[in-house]
Amino acid sequence: MRISHHPRIPRRAAAAAAVLAVLLPLSACGDGGDGGGSTDASGKIEGEITFQTWNLKANFKSYFEGVVDGFEKKYPGTKVNWVDQPGEGYADKISADAAAGTLPDVVNVSPDLVAPLAKAGLALDLDKAAGKYEKEYLPGAWKSHQIPGTEGTYAFPWYLNTGPLFYNKRIFKEAGLDADKPPKTYDELFADALKLSKKTKGKTATLANVPTIEDFGRYGVPLMDKEGTRFTFNGPKGVELLTKYKELYDAKALDGQALTATPESTGKKFLTEAVAMNPGSALDLGKFKKEAPGLYKNIGITPQITDTGKDNMYVMGVMVNTRTKQTPAAVAFAHYVTDAQRQMSFAKKVAIFPSTKGSLDDPYFTKQDGTDDTRVRVAAAESIKTAVNYTPVLFSEQMKIELRNGVARALQGKQSPKEALDNAVKNCDRLLKQS
């Protein structure tokens, strides 16, 4: 039940592991290897800096030009050069710039991209340089750019993304389930899914996705040790979750094609009413209304399934390069881009959510107006106040593949859930040590 980013917002880069491989040798240089600037952000805010975003210029050029103009007017004597990089190859670009000493002063990152930069001594510790700003952000968002085994916070939280779960009320009713009381915990989900499969004689599955690392997190599985040295999702709680998914798979309550599913394929199955539940966004509601009016008439919206009481969220951040020559200006601009006023303005231009405290209490995120966009926005905004980024910062794309392969072997009966997760953890730990 993975929530995809809004299509205009960049997704996590698959090449993050490559960044780590290139950058770790730099860590021996510390933060002054190229004659870089001070980590003291308390000086005069002046000078020229470069700010890099990730695939945002095409749709938000005027917005960012306005942000730059506003900052330069607020702080006379500053100049901000804004550059934007394509979504594809972003991690490789960061890696190359870091190795060459040409990394911009202020950089748009995701947690998995900031981790290698922090380890290489290239990401400024904001707890030390800008700790006074922490109180302005949601606690879960601020913590999202902290790295296990390392002290500090290495990026300002920027925009957040999450989404609710859609369900088909007609399918629920016909299976004898209460369409006004969808499942909220995993036990409720599993019970309802088995009832629905039995009622439809295996013709209608409830879910179309195998469990991902976010599911293990929402189930309450400890994913990694605090030191960031090994993964722990093969413990009893993790085995319990995968065992229950195996029961769903055998009962055809989990779609038979879940092992090879993509967000697009699961979306299509929900659209054609072949499955009863699927994650989504406001964009999906518009698609349902146009392409599947019968489904649209019976659509239900509910929070993500969780046993922890906290939904999953994706988060973007803005880091400051330790080697900037203008630390006070770079920190001030990174804060300016991510402050409550700028975040609120940006959120009204695209389907994302601010990471600043109090912003989600704005009527824009709390009051219904009868539109589909607002229905989903209000539902997601309520959940994101306490949401966390379950995916460990050090969990690479290769590790996600290892987990997915292990899950597939367990569901197919090739390995027991315990054996499959033990092997997945072993392989992920090996990848962690290699990095």
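Which helix supplies the largest share of the lining of the second largest pocket? The structure is a predicted model, in which local features need pLDDT of at least 70 and side-chain atom pairs count only at pLDDT 80 or more, while totals for chains, interfaces and linings use all residues. Residues are numbered from 1 along each chain as its sequence is written, and side-chain values use heavy atoms, without hydrogens and water.

The answer is helix 6 (residues 139-143), which contributes three residues to that lining. Helices (H or I, at least four residues) and strands (E, at least two) are DSSP runs numbered from the N terminus. The second largest pocket has a volume of about 780 Å³. A pocket is an open set of points on a 1 Å grid over the protein atoms alone, where a 1.4 Å probe fits, with protein on both sides within 12 Å along at least five of seven lines; lining residues have an atom within 4 Å of a point. Of the 24 lining residues, K143, Q146, P148, N389 and Y390 are the closest to the centre of the pocket.

The loop between helix 11 and strand 6 holds E273. Phi of E273 is near 65°, a positive value in a residue other than glycine, and E273 is partly exposed, with a relative accessible area of 24%.

The interior may be considered next. A nonpolar core is a set of buried Ala, Val, Leu, Ile, Met, Phe, Trp, Tyr and Cys residues joined through side-chain atoms within 4.5 Å. In the largest nonpolar core, of 122 residues, F233, F333 and F346 touch the most other members. Helix 14 (residues 327-337) gives the largest share of this core, eight residues. Apart from it lies another core, of 13 residues, including F166, F270, A282 and I299.

How values were computed. Grid points are joined across faces, edges and corners, and a volume is the space filled by probe spheres set on the points. Buried means under 20% relative accessible area, exposed over 50%, partly exposed in between (1.4 Å probe, protein chains only).
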